[in-house]
Amino acid sequence: MWEVIRRWFDPAELGSVGETPDYRFSLANERTFLAWLRTGLALVGGGLAAAQFLPPLPMSHLREVIAVALLLLGAAVAIRAVDHWARTERAIRLGQELPASRFPAILALAVGVGALLLVVAVLMRAIGGR
Amino acid sequence: MSTGRDPGLQPERTRLAWRRTLLAVTVVTVLAVRLASTGDPTGALIAGGAVLVWGALLVLCWPRGTGTGPARTGGRTLPLVTAGTVVLALLGVLLVLRGLW
């Protein structure tokens, strides 16, 4: 794991494999990284907003659980973004297939399930809170 | 594949993406400082940490979002910006957990 992290911070190592591609491919890869990073930042921002703007919820500490879950998901998205960027850059330089990833599907499922759970929580409050 | 016009747009789009990212970082920092501002020393310390991370990300992202001509790609800036985002998330976790005690 430390070897992988060391590689992210070592651009010379990444630049030593394969051939330097058309710079537009590298720029597109970088923009994809930035888009994922902003997705992570949006989740972090959502967690911070949930912690301070949500009213008290029916289950104790549910607000805190939602906030921490969003914050950790945001951090995970950011880390995965740089890892995927490095693997894609390597693949482009070596002329290989771009790395496949299950991450978008997993993230979509997590966000979908989380949203459904919140719908249940809101309905519980609407029915029970009268 | 290559036309005369495309190469000029790619660096520009990438610069704009860096600016949007810096904007998102700023919004997250403002939210973190607001959540931390409860008047106690721990909150002030975490708020200070968030502002420091914001300053570091500002220094990192600004050169990538400005200028004309060919854009730089890759480098250590990407993992460093990721690290800053992770630190902001962890400061947020500290803030939420602090509210439980």
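Me: A polar contact is a pair of N or O atoms within 3.5 Å, and within protein one must be able to donate a hydrogen and the other to accept it. How many residue pairs are in polar contact between chain B and chain A?

Reply: This is a predicted model, and the count is 11 residue pairs, both residues being at pLDDT 80 or more. The largest share, 17 residues, comes from α1(B).

Me: What makes Arg64(B) and Glu30(A) a salt bridge?

Reply: Their closest N and O atoms are 3.3 Å apart. The cut-off for an Arg nitrogen and a Glu carboxyl oxygen is 4 Å, so the pair passes.

Me: How many residues of each chain are in contact?

Reply: 38 residues of chain B touch 33 of chain A. Contact asks for heavy atoms within 4.5 Å, so every one of those residues meets that cut-off. Together the chains bury about 3500 Å², with 75% of it on carbon and sulfur atoms. In chain B, Leu31(B), Leu78(B) and Val96(B) lose the most area to chain A, together 14% of what that side buries.

Me: What does the UniProt annotation "transmembrane region" cover in chain A?

Reply: The unreviewed entry puts it at residues 33–53, 65–82 and 103–127. In the model, residues 33–53 are 100% helix, with end C-alpha atoms 29 Å apart. Residues 103–127 are 100% helix too, and their end C-alpha atoms lie 36 Å apart.

Note on methods: Residues numbered from 1 in each chain as written. Chains lettered and ligands numbered in written order. Predicted model: local features only at pLDDT ≥ 70, side-chain atom pairs only at ≥ 80, totals over all residues. Heavy atoms only, no water. UniProt positions renumbered as here; feature names shortened; annotations may be inferred. Helix = DSSP H or I, 4+ residues; strand = E, 2+ residues; numbered from the N terminus. Buried area = accessible area lost by both parts, 1.4 Å probe. Salt bridge = Lys/Arg side-chain N within 4 Å of Asp/Glu carboxyl O. Polar contact = N/O pair within 3.5 Å; in protein donor to acceptor, adjacent residues only side chain to side chain.
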